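Thanks for coming. I have one structure to go through, so let me put it on the screen.

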Amino acid sequence: MTAEDRTIQRDRMRFIKNTLSSNLAILGILFDVFYFVSLYQSDVDTYYYNYLIGISIVYNLVFMLAVFLSSEGVKNYKRGYSYLLAVIGVIQIVRIFIIPVPAHSATTIVNGESMAVMGNGQFMWMVVCLVVSALCLIASAAVNFIRCNELEAHLKTLEPQGT
């Protein structure tokens with residue numbers, strides 16, 4: 001790619017949306033939806049009937065709203081949403097240790113028999129969903145941050161020089 005092609009590509013950024021970052025954020029929401037559907041369809045005795053599930057439901061609602069808002073922000077090259085997406089991505093990794101890990105190692109008594117609360121298959125699926133969601137959000141943040149810097153540098157070259 002020549003220098004002129006690169007300049008044209010950067011100039012186009014003024015007029016086109018940052019769809020890669022936006023789509024990665026939406027993909028992060030999708031994998032979070034897979035995670036919480038897998039979690040909330042579980043019905044193992046009364047193990048999940050506690051305040052942590054209520055907090056998880058509220059967090060998922062806030063998560064989806066914040067990430068959707070961020071996806072619209074990064075679409076328009078707003079740098080501040082990169083930080084928000086990166087933080088939420090890190091929180092997605094932390095969430096693995098809040099519900100899935102304890103549930104995977106827990107057992108409960110159902111009809112007089114000891115039963116695992118979360119099997120290996122469901123545990124691995126939930127971990128994969130949270131990790132992929134986190135990677136999508138962090139990638140969205142990184143792409144937007146890089147593109148914001150490129151656009152900002154390009155706009156500075158377009159400003160009239162002082163006479």
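**Notes on a predicted model**

This is a predicted model. I will start with Asn-60, which sits in helix 3, residues 51-75. Is Asn-60 buried or exposed? Its relative accessible area is 2%, and the cut-off for buried is under 20%, so Asn-60 counts as buried. Its side chain makes a polar contact of 2.9 Å with the side chain of Tyr-40. If we set aside neighbours within four places in sequence, Asn-60 is in contact with Asp-32, Phe-36, Tyr-40 and Arg-95.

Next, the surface. Leu-27, Leu-30, Phe-34, Trp-125 and Val-128 make a nonpolar patch of about 400 Å². Which helices each supply at least two residues of that patch? They are helix 2, spanning 19-40, and helix 6, spanning 120-158. Helix 2 gives the largest share, 3 residues. Trp-125 belongs to helix 6. Its relative accessibility is 40%, so Trp-125 is classed as partly exposed.

Last, the backbone. In general, most residues other than glycine have a negative phi. Tyr-77 is not a glycine, yet its phi is positive, about 60°. Tyr-77 is in the loop between helix 3 and helix 4, the latter being 80-95. With a relative accessible area of 13%, Tyr-77 is buried.

Asn-111, also not a glycine, has a positive phi of about 55°. The loop holding Asn-111 runs between strand 1, 107-110, and strand 2, 113-116. Asn-111 is exposed, at 78% relative accessible area, whereas Tyr-77 is buried.

Note on methods
Residues numbered from 1 in each chain as written. Predicted model: local features only at pLDDT ≥ 70, side-chain atom pairs only at ≥ 80, totals over all residues. Heavy atoms only, no water. Helix = DSSP H or I, 4+ residues; strand = E, 2+ residues; numbered from the N terminus. Buried < 20%, exposed > 50% of the residue type's maximum accessible area, 1.4 Å probe, protein only. Polar contact = N/O pair within 3.5 Å; in protein donor to acceptor, adjacent residues only side chain to side chain. Contact = heavy atoms within 4.5 Å. Patch = residues over 30% accessible without salt bridge, like charges linked within 9 Å, V, L, I, M, F, W, Y side chains within 5 Å. Areas by Shrake-Rupley, 256 points an atom, 1.4 Å probe, with all protein chains shown as cover. Salt bridge = Lys/Arg side-chain N within 4 Å of Asp/Glu carboxyl O.
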